[in-house]
Amino acid sequence: VGSRRSGSVATLPDSNPRAAMQGAVALLICCSLAWCTTTSHGHSQDSEEPLPGLKRVIVLARHGNRAPNPQIEVVCPTYAREVYPKFGVSHAALSRVGMAENWENGQFLRHRYRYFLPEGPYLYDGTYAFFSEREERNIVSTAALARGMFPMGTGLEGFAEERPNLVPIATTQDGADVIMNCPRDGPCEGALKRDKKLWVQENEGRIYAQHKELFAKVSAACGASLEPGKILYKGKSKNLAWAAKAVMDAFLFAENEGLDPTIGGRLSPATVKEFCMVVEGMVSGMNYGKPHQITYWAGDFIPTMLRLARQPLPEPVNKLHVFLNHRELLYAVSHMLGIPIEFPGVAKDSLPSGSSLLMEVYDEGVRLFFWSPSQPQWKQKAHYLKHQRPMLHLFKHGTLQPVAAAGCVPGKLCPVEALAFAFVAFVRKTGTYVQICNVSLEETYFARGEASLGILEHWVKPQVLAARGVNVTPHSAAAIGLTSDDAAALGFTLEEDAESTHDVGASDSLPALLACASLSLSLATGFVGFRLGKRAGRADAEAFVPYVQLS
């Protein structure tokens, strides 16, 4: 008798048929009791296997390890001569380890969802959707992930002896990306440049003065000056943060690749670590230092993700959606939803290369997980590189850990509405990316009106709530900042009512919990759309869902 939940097999003694039969009956009774317990008190919280009733899986992944950017030739020429060539790939391209990390992610997804996804080759029927940001290393990372899911020898017969799976990968549009890379390849590019410039003006000189000796050590090892006002690239002056990030990335990529980040011992491991910590703080402050920056990095991704996760599911045939991007989107989404970024053996609030956020979608809600690639020892990777052995042999399964959005419990089902409420609450404080970046209808086809909230606003419109006779109390209204005047304008009357609070995901009564969450979402989406519409004067703008539907 096999068990799908554990993957184990119970061996029954064949020397005694009667005992074997009794054992089988006992096992079936135990399984039945376990199933009754699960269905009576909510799903089992074992994160090692998906729960029964899985409907869809949504993955937001980061590209794997890579080679340094082209500016490493100027900002650290010693590294460029001695270390960079050993990556064996072009500047900024996905490396051997990076390919293995993303490949392992695909292997993991195929194994974990082996009873959910169809067996066999890639199906061109809408079951799968792979969507990549258009940077080459992101597309290659997506291809590596797909290769892990659909390895050689499992594809169409009669095309080639190797039987490859040719997996289609959709990607973003140049200059009009509001889902994956809104501030670097979309309408918020100007806002990001202004914010970075302001951060440099306010912070760079102070940080350099505090760590002048450290920057001098790294400059000497690199053979180039890392000093404000003395950095030129292709004839243009560049700020210290830009150059230091390129050097920091080079150190971290080398260490992860099994190469020498100390540049032949010119720097001690402690100095490399200290430099990376200082520069990481600079980069984080420059990119995410203000809450509104988190909002424009996330763009329209969260509304798109929640739309794919909300019942009834759009395009039910879609079982797996994979989005693959740079680290910034995964970082911003985690922060907007209140998911702590903590990985084993990695600095807090840092994302390992090749890591991903998984959302399992069920009728009753969703479960969230972080996945990270295996972490082979540096010596192992160095040995494999030296002897040109296949790096993927060091990557087997990775690490899965349950996480939770604000108000939810790791490993437990959480209503989609709770995630939507976290998003709406964040956007209420910062404004939408449309407002922050002053996006107009003429700027880009993909940013019409209040696109960030358009999907959520149309889930439950105010008039629908009124028709349902939703009872809005002063307590619940205050929780989302709804005033009496706002309620009246939306068609509600605030009435006193006894209040009871629940921790999302911890209640024994899931239907009651879902009702509470649905009410919160209904109030929040209607209220936020109403308030932002009043402020922006675009409340009646057509809502647009910019995700490319692959069906």
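## A salt-bridge network

In this predicted model, salt bridges link R66, K245, D249 and R327 into a network. Let's look at one pair within it: D249 forms a salt bridge with K245, and their closest N and O atoms are 2.6 Å apart. Both residues sit in helix α9, four residues apart, which is about one turn of the helix.

The two partners have their own surroundings. D249 counts as buried, because its relative accessibility is 2% and the cut-off for buried is under 20%. K245, at 22% relative accessibility, counts as partly exposed.

## Other salt bridges

The count of salt bridges comes to 15. One of them joins R266 to E82, with 2.8 Å between the closest N and O atoms. This pair links distant parts of the chain, 184 residues apart: R266 is in the loop between α9 (240-257) and α10 (269-288), while E82 belongs to helix α3 (residues 77-82). R266 is partly exposed, with a relative accessible area of 42%, and E82 is partly exposed too, at 31%.

K348 and E342 also form a salt bridge, and here the closest N and O atoms are 3.7 Å apart. K348 is exposed, with a relative accessible area of 64%, whereas E342 counts as partly exposed at 39%.

## A nonpolar surface patch

Now for some nonpolar side chains: Y124, L156, F159 and L166 form a patch on the surface, and together they have about 520 Å² of accessible area. Among them, L156 is found in the loop between α5 (136-149) and β3 (170-171). L156 counts as exposed because its relative accessibility is 63%, and exposed means over 50%.

Key. Residues numbered from 1 in each chain as written. Predicted model: local features only at pLDDT ≥ 70, side-chain atom pairs only at ≥ 80, totals over all residues. Heavy atoms only, no water. Patch = residues over 30% accessible without salt bridge, like charges linked within 9 Å, V, L, I, M, F, W, Y side chains within 5 Å. Areas by Shrake-Rupley, 256 points an atom, 1.4 Å probe, with all protein chains shown as cover. Salt bridge = Lys/Arg side-chain N within 4 Å of Asp/Glu carboxyl O. Helix = DSSP H or I, 4+ residues; strand = E, 2+ residues; numbered from the N terminus. Buried < 20%, exposed > 50% of the residue type's maximum accessible area, 1.4 Å probe, protein only.
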